[in-house]
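Colleague: Please walk me through how to read helix packing and backbone features in a model like this one. I would like the general idea and then the case at hand.

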Amino acid sequence: MTTPRLPLARLKPSWLAGGLLVLGVSVIVGAAIGPADVSMGSVVATVFERLLGADRGVSDRLAGIVWEIRLPRVALGLLVGGMLSVAGGAYQGVFRNPLADPYLLGAAAGAGLGATVAIVLSANGGNPAWATPAAFVGALAAVGLATAIGSAIDGNRSTATLLLAGVAVASFLTAIQTFILQRRVDTVQQVYSWILGRVATTGWDEVWQVTPYAVVCVGMLFWYRRALDVLAVGDDVAETLGVNARRTRLVIVVLASLATAAAVSVSGLIGFVGLVVPHMIRLLSGPSYRVILPLAFLGGGAFLVLADTVARQAFAPAEIPIGVVTAFVGAPFFMWMLLRGGRSLP
Amino acid sequence: MPNIPSKLRSASWSIAVVLICAACGASGTAGTTTVAPTTAPPTTIATTTTEAPTTTAGSVPGFPVTVETVAGAVTVPASPQAIVSLSPTSTEVLFAIGAGGQVVAVDDQSNYPADAPVTALTGFSSSAEAVAAFDPDLVFISFDPGDLVSGLEAVGIPTVVHPAAVSLEDAYRQIEQAGALTGNVDGASAIIEGIEAQVDELVAGLADRVEPLTYFHELDNTFYSLTSSTFVGELYGLLGLASIADPADTDGFGYPQLSEEYILEQDPDFIFLADTKCCGQNAGAVAARPGWDQLSAVQQGRVIELDDDIASRWGPRISEFLSQVASAVDSVPVG
């Protein structure tokens, strides 16, 4: 066994400043561009008006468009993109698998089933708003089931059993969802809309709903970023360095899954962000999770804000699904990055 | 080293991808038909023509009868007495023209009229065998999930495909064909003439407006809408209304998903809710949406709650839809 070396990297202030700059620019772009013709001056005036209470002479309708629709979308895109990217990066670290993404352990299938059940029930007189909590519960239940099966097999000693349990749970839940849908075709369109993913907001409600999860999960995952670096060199070494590999892995999986569930419940199944943004950061900054996780949050947030801007503007006034944008724009960019520096990937 | 062999990793990943894609694909295919309840490929219309019923020496006058549909010529040898309808619109048509007594089974979505013999059959995925089990002598469907028509024809059951109408003319043609095929020509004519007379009267009574009134027709609470060139859009157009969704429909499909901020910017004169059943929407819920209280339609009580079913079918209840929209239009003062 060769002597493993921990990737030596601290988050350089210049990297952090660069990440914040990218995020700042994308937020400004997202706030400025949309199908409704609102000048940047009106956007700024609206923000001052709402935050400071002074009347800056923006018409009520324009102010409503900016404050109740466009800005919450930007904020939600930032949070969801950041959470999915951090969760994806954490999964990739825990499983030492470059193909890991936030949906690896069945979160997408569970959320999809939960949302489907809620939508079918709402067609029978239930409340359509139940889709959000139902998706959240479904995602957590799926990951919980996969983790429980993984532990029952070998006490989480290997990540392979957990991965396979995730695959089994996901296919099982997807089968149930497909069956329900096929029995209730009248709800197919609504469920399909949900599956495609959408940074949909009802004012600021969704933003406030996910903010606590973003703060707690992302904050805690940042706390564990050194542990991810240690896990990357193998369980044996981790133990000698005083890290309980099994317990650490479980905690990180729980945190990443909670972040994923919160993100998915408000925005549906937005793909690609959680898989690829951590890799983009890795290609730029090297393999240390101490650098990857914070930058993945900033980069993922920026990426999704820009993708959502394209989704609402490219064919305005029609919308296109954000999942199409993330992959259509992101995949070629990622291919280019791979061609330039793919050899440095794990 | 407890690590996963790379082949296994990529295999598990591809399995996951395939499953996810399969789920999307399946819902996508079916989704198209639901997203656009009144869409049909434009080419289908050209082939839908009615031949005058040809009377021969049969026992019942008017039979055998042959009509041309999208699935080819359909010939009914004698007056059908065991009709199965897998299309809620066809069910409504059959009962309205007086063929209700000949209907033995309808699909699970046929919720009108109340005395229609609802079964577990579904218009989206029923097998030919399940339909044939009712021993029908004529079947109406709006959508062939793949092999339903060929399967039924193989056992000698004539099957009529009446897809979502793309125009009022098209809807009339389907009613006319249903009348001819079931021996209820007079009943069908009465329905068509009734709607025609109503349209004439409503159009004659329209106030002259300099600018056409605009509307946002809400198909669901993710803001799918329809344009003036769809079947329902044509009905609105007869009443002098223009859809705000028209500029969004770059590919001519007719059912774009609108940006919320665009709807608010356009400030349509009317909001028509065709998602009161599917998605539990109503005027109060619309007024409570953040930012929507600024819309003049909300402020002036012009959020009209439609019945999802009436607003998505192309049968005899078109007249109810027209009445409801016309009375809303009448309430807007000219000026």
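Modeller: Gladly! Two residues are in contact if their C-beta atoms, placed from the backbone, lie within 7 Å. Helices (H or I, at least four residues) and strands (E, at least two) are DSSP runs, numbered from the N terminus. This is a predicted model, in which local features need pLDDT of at least 70, side-chain atom pairs count only at pLDDT 80 or more, and totals for chains, interfaces and linings use all residues. Residues are numbered from 1 along each chain as its sequence is written, while chains are lettered from A and ligands numbered from 1 in the order in which they are written.

Colleague: Which residues of H7(B) and H12(B) meet?

Modeller: From H7(B) come Gly194(B), Ile195(B), Gln198(B), Val199(B) and Leu202(B), and they meet Ile318(B), Ser319(B), Leu322(B) and Ala326(B) of H12(B). By class, this contact has six nonpolar, three polar and no charged residues (nonpolar: Ala, Val, Leu, Ile, Met, Phe, Trp, Tyr, Cys and Pro; charged: Asp, Glu, Lys and Arg; polar: the others, Gly among them).

Colleague: At what angle do the axes of H7(B) and H12(B) cross?

Modeller: Two packed helices are described by the angle and the distance between their axes. For H7 (residues 185-204) and H12 (residues 318-330) of chain B, the axes come within 10 Å and cross at roughly 10°. H7(B) and H12(B) are therefore roughly parallel (under 35 degrees; over 145 is roughly antiparallel, 65 to 115 roughly perpendicular, the rest oblique). Their crossing is left-handed, meaning that the near helix is turned anticlockwise from the far one by less than a right angle.

Colleague: How do H3(A) and H8(A) cross?

Modeller: In chain A, the axes of H3 (residues 60-95) and H8 (residues 205-223) come within 10 Å and cross at roughly 30°. That makes H3(A) roughly parallel to H8(A), and this crossing is left-handed. H3(A) contributes residues including Leu76(A), Leu79(A), Met83(A) and Ala90(A), and H8(A) supplies, among others, Val210(A), Ala214(A) and Leu221(A). By class, there are 14 nonpolar, two polar and one charged residues in the contact of H3(A) with H8(A).

Colleague: Is Ala90(A) buried or exposed?

Modeller: A residue is buried if 20 or more other C-beta atoms lie within 10 Å of its own, exposed if 12 or fewer, and partly exposed in between. Ala90(A), in helix H3, has 31 C-beta neighbours inside 10 Å and so counts as buried. Neighbours within four places in sequence aside, Ala90(A) is in contact with Leu221(A), Leu228(A), Ile252(A) and Ala256(A). Ile292(A) lies 202 residues from Ala90(A) in sequence but 9.3 Å away in space, C-alpha to C-alpha.

Colleague: What is the phi of Phe272(A), and what is that of Asp135(B)?

Modeller: Phe272(A) has a phi near 80°, positive although the residue is not glycine. Phe272(A) sits in the loop between H11 (245-267) and H12 (273-285) of chain A and counts as buried, with 25 C-beta neighbours inside 10 Å. Asp135(B), also not a glycine, has a positive phi near 50°. Its loop runs between H4 and strand E5 (138-141) of chain B, and with 12 C-beta neighbours inside 10 Å, Asp135(B) counts as exposed.

Colleague: Where is the cis peptide bond of Pro113(B)?

Modeller: Tyr112(B) and Pro113(B) are joined by that bond, with omega about -5°. Pro113(B) lies in the loop between strand E4 (103-106) and helix H4 (128-132) of chain B.

Technical notes:
Axes are lines fitted to C-alpha atoms, for helices over the stretch in contact, and angles run from 0 to 180 degrees between N-to-C directions.
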